[in-house]
Amino acid sequence: MAKAYNPSAVEAAWYEWWEKSGFFVADANSKKPPFVIVLPPPNVTGALHIGHGLTSSIEDTIIRWRRMSGDNALWVPGMDHAGIATQVVVEKKLMRERGLTRHDLGREQFNAEVWKWKDEYGGKILNQERRLGASLDWSRGCFTMDDKRSKAVTEAFVRLYKEGLIYRDHRLVNWDCILRTAISDIEVDYIDIKGRTLLKVPGYKSPVEFGVLTSFAYPLEENLGEIVVATTRPETMLGDTAIAVHPADQRYMHLHNKFAIHPFNRRKLPIICDAELVDPNFGTGAVKGLYRGAENNEMRLGTCSRSDDIVEPMVKPQWFVNCSDMGREACEAVEDGRLEIIPKQFEADWFRWMRNIRDWCISRQLWWGHRVPAWYVTLEDDDLKEFGVYVDHWVVGRNEVEALTEAGTKFPGKKYHIEQDQDVLDTWFSSGLFPFSVMCWPENTADMKTFYPTSLLETGHDIIFFWVARMVMLGMKLTGEVPFKQVYLHPMVRDAHGRKMSKSLGNVIDPLEVINGITLEDLHKRLERGNLDRNELDIAKAGQKQDFPNGIAECGTDALRFSLVAYTAQSDKINLDIQRVVGYRHWCNKLWNAIRFAMLNLGTDFLPSENLDVKSLPCGCKWILSVLNKAISKTVTAMEVYDFSSATSAVYSWWQYQLCDVFIEIIKPVMSADDNNSTSASVKRVTRDTLWICLDNGLRLLHPFMPFVTEELWQRLPQRLGDSSRKESIMISDYPTVIKEWIDDEIESQMVLIESSVRSLRSLRMAYLLLPKQRPEAFLLCKTDEVATVVEKGATEICTLASLASLKVLRESDVPPVGCAVNIVNEHLSVYLLLRGIVDAQLELSKLEKKKEELIRQQEAVTKKMNIPGYRDKVPANIQEENLSKLNKLMAELSIVEEANENFEKLLADSS
């Protein structure tokens, strides 16, 4: 066994073995209770970022725990086709490599190029999930554009349309001029503009003016005069297709259903009514005209969260989902307990949004995506032949044959031809079906029967409305059940300073860089490969240099996972400090050393006993099993309510503070005892059995959080001879459960007193600057028989843990020897450390005096520097911060020296 833990060596081969062994695969025919999570499908264009790392760490921890706890655990992977993002990536690739636009290729050939790109480059992120140890059932992996998911999308559209929940209408939508498509309301971010402001806009070389309201006049047909309309985007008037007014605005009541004439191309612009998007008190109360003036205008400016383009409200024919009833039903599901939202604080957001939900625009003017399964019927005797001009000429079907049948039923005896809508559906529409489309709905498959509804939806709270709400609405409507019983919303990951991660700040953390380690130089190179301008690049590099002056040390997957899961206590934001991850990597080394100690001391011929008589065990063994029980209970209780921070704390505390810091230390004398002594040999045998039980249970307890190192170490533990219950892998072994026979509250209470005594003695050792090799005598003054009995039983443990030469228990009438330092444990117990002959108090005082003089000299120098005239105004802020930090450090050191000085003066006085 290697002397030190090496994460890359430990993590190299286990995942491939787990996957090949079929440990991740769930059985639809199993009698075990199902527990199901679907992985939020990452974009096909995506690469792993720290948010994915958090999602994967939490979900894999849950699924491994449930699998070990006896559930038929299924974690389904999937990938989202990401309509807008993927189309943009492939369009840029075509232009860069071949100088072509998608229009040069045509729709069919362009989509073939996208599929080709997807097969070659897409899905990289799912392979990266393997590095995180994600025990996903890859046999059920799916893609939102594959045949089965596409069938589900079509079926959902058809059913919702037939129920009257999907409809087509000319309405104001959020139009992205760069992407040339409509986007939904929740894809719009807002910035507040106080007046005339110049902003950078994608596609424009120079900044564009905002915060100005420009009025234009459009002539009306039938000699009705003109209508003056107001806009904040006059440059878009060439694309105007309609003029919107508020239906209750008295100024325009006579113009309802009339037409204005576009002054440049003479197109007829319908005057439509919209009560939601038109404010009758804003400008002229009509939206869009020939110049009539301009004025400063305070405004909220909508921007697209995907492209950063300015969103333009435009009247466009689109497909919409009526969400009112579905939103109300989603509220009722939370109110009556069918759906639980965790943390509960997000319920208020859920109710507020669902009770005020607006209809959802689901059509997108893209080529990549699920094409809308609707056909426009052009009748031979139609007056207007323009595609889509008659709202009542649409038919919907699962395929063209169905659409033709629908058209024949709708227009009997008429001659016509049909043409499918060019638009595709919003990506979130297919994602909204994911919990049941992954089970191959609408087919009533074995997976659908066994694994739906799913158990838990775990995701970031930032997409509660983008995705979670839509899954609930569509799931309840199309399957009659909530798609999952619980929703756990995890926090957003920020940097150590609480800032949102941004490429321009240089604080974006790639999980693989934390796992593998990376130099500062290579962090800079990653930035240089991006698209930051020179100023942004300099700022980002400076940020990296400040946060990672020596780069990022190799931490490994287990340390990263444990850190992220432990951080979830931070409510809605996680301020991720990489040094904490480094700390857990060092802790992995402590686990490694604990197993090395066991392997050296158990011996090559050790075989764990079949049964252990707990009542006959030494006190230390009874104690470690009892506190192990407590750790198991705390961990399981915390996991059941998704309190991951408490779970990690319980596991960590037992391993670190009870097993490694106490138990392993107190059994070292036992393990080194002479085997020829029958009593020593007997104690050693049961102590070895206890140690094995602790390591076996402890590793299984820790496994869901740290899968790689626990598998590596568990496989090294000796096995019981002929133990048929032992599994091939720790990941399919049983999760530890509480064993009543191990509960011993009395022993735990006694150990609390022993540990308190040790802490008091260690505090004295530190106060008097004792070296580890210096082992003084100690005396424990007990004021009750009960306390005396406890410390006498634990004398060996106290001597071992406090590094003592000997320990004597004193009663109230006894007097400790001269030359002792004293510390009070509680009202019934005091500890005395005999320092006479070990510590030269006079010499130590002399050393401390010199140290004190040097610290005072440095403190005065820094103070003098900080008190020079103009210091606050002239000295850079970072230098001022360094000086203040240096001064605080010097003052803290001086306080420690003065306290030590007092201790030695007291020792001198007591010894005289």
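This note goes through a predicted model, point by point, from its overall make-up to single residues.

1. **Overall make-up.** The model is predicted, so read each value below as computed from that prediction. The protein has 30 helices and 33 strands. Its C-alpha trace spans about 115 × 80 × 55 Å along the principal axes. Of the 912 residues in the protein, 53% are buried.

2. How many residues does the largest nonpolar core have? The count is 165. Leu576 and Trp655 are the residues with the most contacts inside this core.

3. **Trp655 and its contacts.** Look at Trp655 next. Set aside its neighbours within four places in sequence. Trp655 is then in contact with Trp587, Leu591, Ala594, Cys660, Leu695, Gly698, Leu699 and Leu702.

4. **Helices α20 and α22.** Helix α20 covers residues 578-602, and helix α22 covers residues 644-671. They pack at an angle of about 30°, with their axes 11 Å apart. Angles under 35 degrees count as roughly parallel, and α20 and α22 are therefore roughly parallel to each other. Their crossing is left-handed. By class, the contact of α20 with α22 has 11 nonpolar, 2 polar and 3 charged residues.

5. **Helices α21 and α25.** Which angle do α21 and α25 make where they pack? Helix α21 (residues 619-640) and helix α25 (residues 745-767) pack at about 105°, and their axes are 9 Å apart. That makes α21 roughly perpendicular to α25. From α21 come Cys619, Lys622, Trp623, Ser626, Val627 and Lys630. Their partners in α25 are Asp745, Ile747, Glu748, Met751 and Glu755. Sorted by class, the contact of α21 with α25 has 5 nonpolar, 1 polar and 5 charged residues.

6. **Helices α9 and α15.** Helix α9 runs over residues 324-335, and helix α15 over residues 464-479. Their axes come within 9 Å and cross at roughly 95°. Helices α9 and α15 are therefore roughly perpendicular to each other. Met326, Gly327, Glu329, Ala330 and Ala333 in α9 meet Val472, Met473, Met476 and Lys477 in α15. This contact divides into 6 nonpolar, 1 polar and 2 charged residues.

7. **Cis peptide bonds.** Check the bond from Ile342 to Pro343: it is cis, with omega near -5°. Pro343 is found in the loop between β19 (340-342) and α10 (347-355). Another cis peptide bond joins Tyr452 and Pro453, with omega about 0°. Pro453 lies in the loop between α14 (446-451) and β26 (454-460).

8. Ala82 is not a glycine, yet its phi is positive, near 50°. Its place is in the loop between β3 (78-79) and α4 (83-98). Is Ala82 buried or exposed? With a relative accessible area of 5%, Ala82 is buried, because buried means under 20%. Asn223 also has a positive phi, of about 55°, although it is not a glycine. Asn223 sits in the loop between β10 (212-219) and β11 (226-231). Its relative accessible area is 79%, so Asn223 is exposed.

9. Lys124 lies in helix α7 (residues 124-131). At a relative accessible area of 49%, Lys124 is partly exposed. Lys124 and Ala73 are 51 residues apart in sequence and 25 Å apart in space, C-alpha to C-alpha. Trp319 belongs to strand β18 (residues 311-321). Its relative accessibility is 1%, so Trp319 counts as buried. Trp319 and Gly397 are 78 residues apart along the chain, and their C-alpha atoms are separated by 15 Å.

Terms used:
Residues are numbered from 1 along each chain as its sequence is written. This is a predicted model: local features need pLDDT of at least 70, side-chain atom pairs count only at pLDDT 80 or more; totals for chains, interfaces and linings use all residues. Side-chain values use heavy atoms; hydrogens and water are left out. Axes are lines fitted to C-alpha atoms, for helices over the stretch in contact, and angles run from 0 to 180 degrees between N-to-C directions. Helices (H or I, at least four residues) and strands (E, at least two) are DSSP runs, numbered from the N terminus. Angles under 35 degrees count as roughly parallel, over 145 as roughly antiparallel, 65 to 115 as roughly perpendicular and the rest as oblique. A crossing is left-handed if the near helix is turned anticlockwise from the far one by less than a right angle, and right-handed if clockwise. Ala, Val, Leu, Ile, Met, Phe, Trp, Tyr, Cys and Pro count as nonpolar, Asp, Glu, Lys and Arg as charged, and the others, Gly among them, as polar. A nonpolar core is a set of buried Ala, Val, Leu, Ile, Met, Phe, Trp, Tyr and Cys residues joined through side-chain atoms within 4.5 Å. Buried means under 20% relative accessible area, exposed over 50%, partly exposed in between (1.4 Å probe, protein chains only). Contact means heavy atoms within 4.5 Å.
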